[in-house]
Amino acid sequence: MLIDGQTAPCVSEESLEIRNPSSGVVIGQLAAGGEEDIDRAVRAARAAFEGPWSSWTPYERQALLYRVHELMDRNFDELAEIESVDMGAPISKTRATKASVLKMILFFASQSSNIAGETLQNGLPGEVVTMSLKAPVGVVGGIIPWNGPLGSQWWLLGTVLATGCTTVLKPAEDASLSVLRVAELLHEAGLPPGVVNVVTGRGDVAGAALARHSGVDRIAFTGSTETGRKIIDASKVNIKKLQLELGGKSPDIIFADADLDKAVQGAAMGVFANSGQICFAGTRVFVQREIVKEFCERAAFFARSIKVGHSLDPEAQLGPLISNDQLEKVMSYVQIGANEGAQLVCGGERLQGSLADGYFVSPTVFADVHNDMRIAQEEIFGPVMSVIPFDTVEDAITKGNATEFGLGGAVWTRDISKALRVVKGIHTGVMWVNCYGLIDPLVGFGGTKMSGYGAKGGRAHLDTYLYSKCVYINT
Ligand code: ADP
C-alpha cells in the first residue's frame, strides 16, 4: 500500500492472491488492508490537506499535473503491461488508453487554474459587498472497480490534484496494481506525502471502513448498485457528499435506415468491448423488426471474427473476464437466457485449448429476447448481447426506458430528427448517435435513475469536489 508517501504493509499482515486472468496463475500477493490502515491513511490525508498542500497555488498544482503528464507519457508501456496482466484487457487496448489518460490529465491541469467563485449583488442596507468563494471539500475517499483502473482512477486523481483536495483510494481487490504504480509516479513528480494514499484490500473490509470513516468528507464510488446502497447508508455517519456511478443496462437502438456496416460493428463493440465489463455497455440492442434477421446474422459473423486471446497477445481484441467468479456468473446468465426461451445465435462457450486455464468466454449473441427476461434486465458484465425487436420510435423509447438503470444509450439512423426524438425520450445520463462509448472529459458522462448521480467531466465535475462559501463584507 502507499500511505503518507511511503510504501506500507498492512497492520494485519494478511494478503490476497493476485491472479492473471489469462492463465489463472497467481502472480503476487496484495496487502489486505483493514480498518486501522484506512484510519492511518485518512489521518495522513487530513494532515496533508491542512498542511503545506493547502498553500499550493493553482499554478503550482497545474505545473505538478504537467509533470505527471510527462511521467505518465514516458511510463505508459509499463503501465499498460501491468494493467493487462492484472485485469486481462488486451495489450493493444490498454496501450490505446494512453491518449485518453493523457487528455484527462491535460483537462485537469487546465481546470486547476480555472476555479472561480462569483461576486454577487444583494439588497442589503448599507455598503455590503457579497461574494462566493470556492473551497476544496477536504479528504475524498475513492472506491473504484476492476474493469479499467488505469483510466478510471484519473477521474478521482485529476480532480483531487486540480482542486487541492486529498484522497485515500481503495482500488478493487482484483485490479490494484496500476493504481499502486501510478501513485509511485505521482510522488516521483513531486506530490507531497499524504495527498494521495492507496489502501488495497477487500471491499467489505477496507472499502467499508473508508465509506464509514468520519474523517472522510466525500466518497467518489464506481461499482455495483448493491454496493452503492451500502455506501449511501455508511455516508450518514458524517453526512458525506457522494458521487455514485453504478450499474447499467444501456439501450442501443438501431433503425432500419441506419448504415448497417457501422451499426453492426458499433453495437457489437458497444457490448463486447472489454469483454462486456463496462458499466455503460449497450447490452440491450433494440433492432427495428424488418432488419432483425439481417442484423443478427451480421452481428454473429462479426462476433465470430473477433480474436479473443491472452492479454499479452498483441493480436488479441478481447481478453478474459476478470475472475473465475465472473466467468461462472456470465455462464449462468447464458443458461438463464436459454432457459427463458431466447435463441442463442453464437458464442456462450468457455474457450478451451490454449485458453482453457484463463477465464475466457466467446462473444455471445441472443436473439428473440423480450425486454422482461432476466438477461434483458440484469447487469451481466460479460460479452452477452440481447437483441430485442421494436417497431416504431415510440416503441423503441418505451422499451429502451423499461429498466431501472439510466447510464448510457445510443441510436443509429440516417434521420437526425428521429435520432433527436430518441435522444430526448431515453432517460439516461449519456446518449450517443451513430457511435458508441465516446467520452471526453470536456464533455463528460454520468448516470440517472439507479445508475447513480454526480456527472463526471466538465466544470460541473470539479464543482463537486468544491463547496461554496458565501461571504458578506460590511465595508
Ligand atoms: P463490481 O461488481 O464491479 O465488483 P463492487 O461494487 O462489488 O462492484 O466493487 C466496486 C468497488 O467497491 C471495489 O473496489 C470493491 O472492493 C468495493 N466494495 C465492495 N463492497 C464494498 C462495501 N461494502 N463498501 C465499500 N466498498 C466496497
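Helices (H or I, at least four residues) and strands (E, at least two) are DSSP runs, numbered from the N terminus. This is a predicted model, in which local features need pLDDT of at least 70, side-chain atom pairs count only at pLDDT 80 or more, and totals for chains, interfaces and linings use all residues. Residues are numbered from 1 along each chain as its sequence is written, and side-chain values use heavy atoms, with hydrogens and water left out.

**Exercise 1.** Describe the chain over residues 14-471.

Solution. UniProt, in an unreviewed entry, places the feature "domain: Aldehyde dehydrogenase" at these residues; such annotations may be inferred rather than shown by experiment.

**Exercise 2.** State how the protein chain is divided into domains and what area is buried between domain 1 and domain 2.

Solution. Step one: the assignment (automatic or from a database) gives domain 1 as 2-246 + 451-474 and domain 2 as 251-440. Step two: their C-alpha centres lie 31 Å apart. Step three: the buried area (accessible area, 1.4 Å probe, lost on putting two parts together, summed over both) is about 2,100 Å², with 58% from carbon and sulfur atoms. Ser22, Trp146 and Ser451 supply 26% of the area that domain 1 buries against domain 2, more than any other three residues.

**Exercise 3.** Find the salt bridge across the interface of domain 1 and domain 2.

Solution. The rule (a side-chain nitrogen of Lys or Arg within 4 Å of a carboxyl oxygen of Asp or Glu) finds 1 salt bridge across this interface. The side chains of Asp440 and Lys103 meet in a salt bridge, at 3.2 Å from N to O.
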